[in-house]
Amino acid sequence: MRMLINVPETVVADALRGMAAAHPELAVDVENRVIVRRDAPVAGKVGLVSGGGSGHEPLHGGFVGFGMLDGACPGEVFTSPVPDQMVRAAAAVDSGEGVLFIVKNYTGDVLNFDMAAELAEDEGVRLGKVLVNDDVAVTDSLYTAGRRGTGATLFVEKIAGAAAEERAPLERVEAIGRQVNESSRSFGVALSACSTPSKGGPTFDLPSGELELGIGIHGEPGRERRPMMTSREIADFAVDAVLEDLRPSGPVIALVNGMGATPLLELYGFNAEVQRVLAERDVAVARTLVGNYVTSLDMAGTSVTLCQVDEELLRLWDAPVQTPALRWGR
């Protein structure tokens, strides 16, 4: 596989150095693997910290900034960051109002964030936590017990981030984050395997002419494999899987997310099919976001995430945001 890297051992550090050069509004600690807003800690504001293995960019570092995260901890590719990173990030963003950890439900992330919370609390930081577990495809997989955390992570970080920007207290920001997670469901589809720098090739075998329904963001197995389907057929399957579990009674925000190697031309075409299915199922769509936001390196494919929203959640979604990967209203 051809990759635009130097050597696998430095791929994360090289990316962090490049991010620092491109985004002077962020303070990027390459050695300790911590990314924070340059204006952190923000007086009177709850700090939001998330993190996970690299390879899912722009998640999480690309969502650090006004209206979203205050700090992010990138691990090695598809590997959880370590507690020291999380403790360092929490200390850097804590204004005295507390810190909220946003954790995707993968075993390594959960264990390390829990350990970091204990260490940070020992140092006097008040901690809250939101566990993101929105993936309806499977329960229990290679990396997790229970449902996996995927696209809803963006919704939690954006909506809880907006509440924190309005100076809501820690307990309220945490409650909003949990409400968003509980109101969100996702389903992913892979058209090709992803390739990690260390392996230099595909992480799993997906024969030509087949796709994986219910894939995880690390290439974990999904529900089933089928011969290649049309965009229309994939949308029918994925959206119905989400709706069967979510059963929304009000409007939703829709995220049509690329896995990394699917061009926007295809994603917008797929979004047209997603919107068709939602209209046929009488689901009102309040907002739609299309693009590569929660990726899996160079995997071709997509995921659909729906979040049922009330007036407050929609207002917080619409609130100004300014990060490397998501920005509007400011």
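Me: Leaving aside its neighbours within four places in sequence, with which residues is R185 in contact?

Reply: Contact means heavy atoms within 4.5 Å. By that criterion, and with neighbours within four places in sequence left aside, R185 is in contact with D134, V136, R147, V242, D245, L246, V304, T305 and L306. This is a predicted model, in which local features need pLDDT of at least 70 and side-chain atom pairs count only at pLDDT 80 or more, while totals for chains, interfaces and linings use all residues. Residues are numbered from 1 along each chain as its sequence is written, and side-chain values use heavy atoms, with hydrogens and water left out.

Me: Does R185 count as buried or exposed?

Reply: Buried means under 20% relative accessible area, exposed over 50%, and partly exposed in between (1.4 Å probe, protein chains only). R185 counts as buried because its relative accessibility is 15%.

Me: Which side chain makes a polar contact with the side chain of R185?

Reply: A polar contact is a pair of N or O atoms within 3.5 Å; within protein, one must be able to donate a hydrogen and the other to accept it, and residues adjacent in sequence count only if both atoms are side-chain atoms. The partner is the side chain of D245, at 2.6 Å. The side chain of R185 also reaches the backbone oxygen of E182, at 2.9 Å.

Me: In which strand does R185 lie, and in what order do the strands of the open sheet stand?

Reply: Strands (E, at least two residues) and helices (H or I, at least four) are DSSP runs, numbered from the N terminus; two strands pair if DSSP finds at least two bridges between them. R185 belongs to β7, residues 184-190. The open sheet has six strands with mixed pairing, in the order β9-β8-β7-β12-β10-β11. β9 (224-227) and β11 (285-291) each have a single partner strand, so they stand at the edges, with one side of each left without a neighbour in the sheet.

Me: In which sense do β10 and β11 pair?

Reply: β10 (residues 252-258) pairs with β11 in the parallel sense, over six bridges. L255 stands opposite L289 in β11.

Me: At roughly what angle do the axes of α5 and α8 cross?

Reply: Axes are lines fitted to C-alpha atoms, for helices over the stretch in contact, and angles run from 0 to 180 degrees between N-to-C directions. The axes of α5 (residues 170-182) and α8 (residues 311-318) come within 12 Å and cross at roughly 100°. R172, I176, Q179 and V180 of α5 make the contact with E312, L313 and L316 of α8.
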